[in-house]
Amino acid sequence: MAHYQEILEVQTSGKSFSTITAYVQEVVKNSGIKTGICHLFLRHTSASLIIQENADPDVLRDLENFLSKLVPEGNYYIHDAEGPDDMPAHIRTILTHTSEQIPISQGRLLLGTWQGIYLWEHRRHRHTRELVVHIMGE
């Protein structure tokens, strides 16, 4: 079994979704692996990864609105070392994911027709996020 790994840097623009599907697919292509698994790991505690609807942007807006209501910013938290969005970002990350696994077939990610991979920034300010893409297979 072969292994291939790259670390992608993703620039975020504050609370938002960054579409990363094409970048991950490019890493899969560069790996030369035709059948296997692609493991994604985000090296941060205040942003997350999701696989979600890629056709209607209202889905992402609704997700952001829902999570903002579920985990509001404010003076509710002890940990606020980096501002009022600090602890809510950590809570949002544990409610979502920092890793995903996607099967690979014929050198392509086996995502569904309407699925895209997103890095979800939970902080107000822009950040550079590191995403480990590890591919295993043949």
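Two strands are taken to pair if DSSP finds at least two bridges between them. In this predicted model, strand β3, residues 36–42, meets that criterion with strand β5, residues 99–105: the two run antiparallel and are joined by six bridges. Within this pairing, C38 has I102 of β5 as its bridge partner. Strand β3 is also joined to strand β8, residues 128–137, again in antiparallel orientation, here through seven bridges.

Attention now turns to the aromatic side chains. Ring centres must lie within 6.5 Å for a pair to be counted, and three aromatic pairs result from this rule. One of them links F17 and Y118, whose ring centres are 6.2 Å apart; because their planes stand at 85°, the pair is classed as edge-to-face. F17 belongs to strand β2 (residues 16–19) and Y118 to strand β7 (residues 115–121), so this contact ties together parts of the chain that are 101 residues apart in sequence. Both F17 and Y118 are buried.

A further edge-to-face pair is formed by Y76 and Y77, with 5.8 Å from centre to centre and 90° between the planes. Is Y76 buried or exposed? Its relative accessible area is 58%; since exposed denotes a value over 50%, Y76 counts as exposed.

The aromatic contacts also include a cluster: F17, Y118 and W120 together form one such group.

Technical notes: Residues are numbered from 1 along each chain as its sequence is written. This is a predicted model: local features need pLDDT of at least 70, side-chain atom pairs count only at pLDDT 80 or more; totals for chains, interfaces and linings use all residues. Side-chain values use heavy atoms; hydrogens and water are left out. Helices (H or I, at least four residues) and strands (E, at least two) are DSSP runs, numbered from the N terminus. Rings of Phe, Tyr and Trp (its six-membered ring) pair if their centres lie within 6.5 Å; planes under 30 degrees apart count as stacked, over 60 as edge-to-face and the rest as tilted. Buried means under 20% relative accessible area, exposed over 50%, partly exposed in between (1.4 Å probe, protein chains only).
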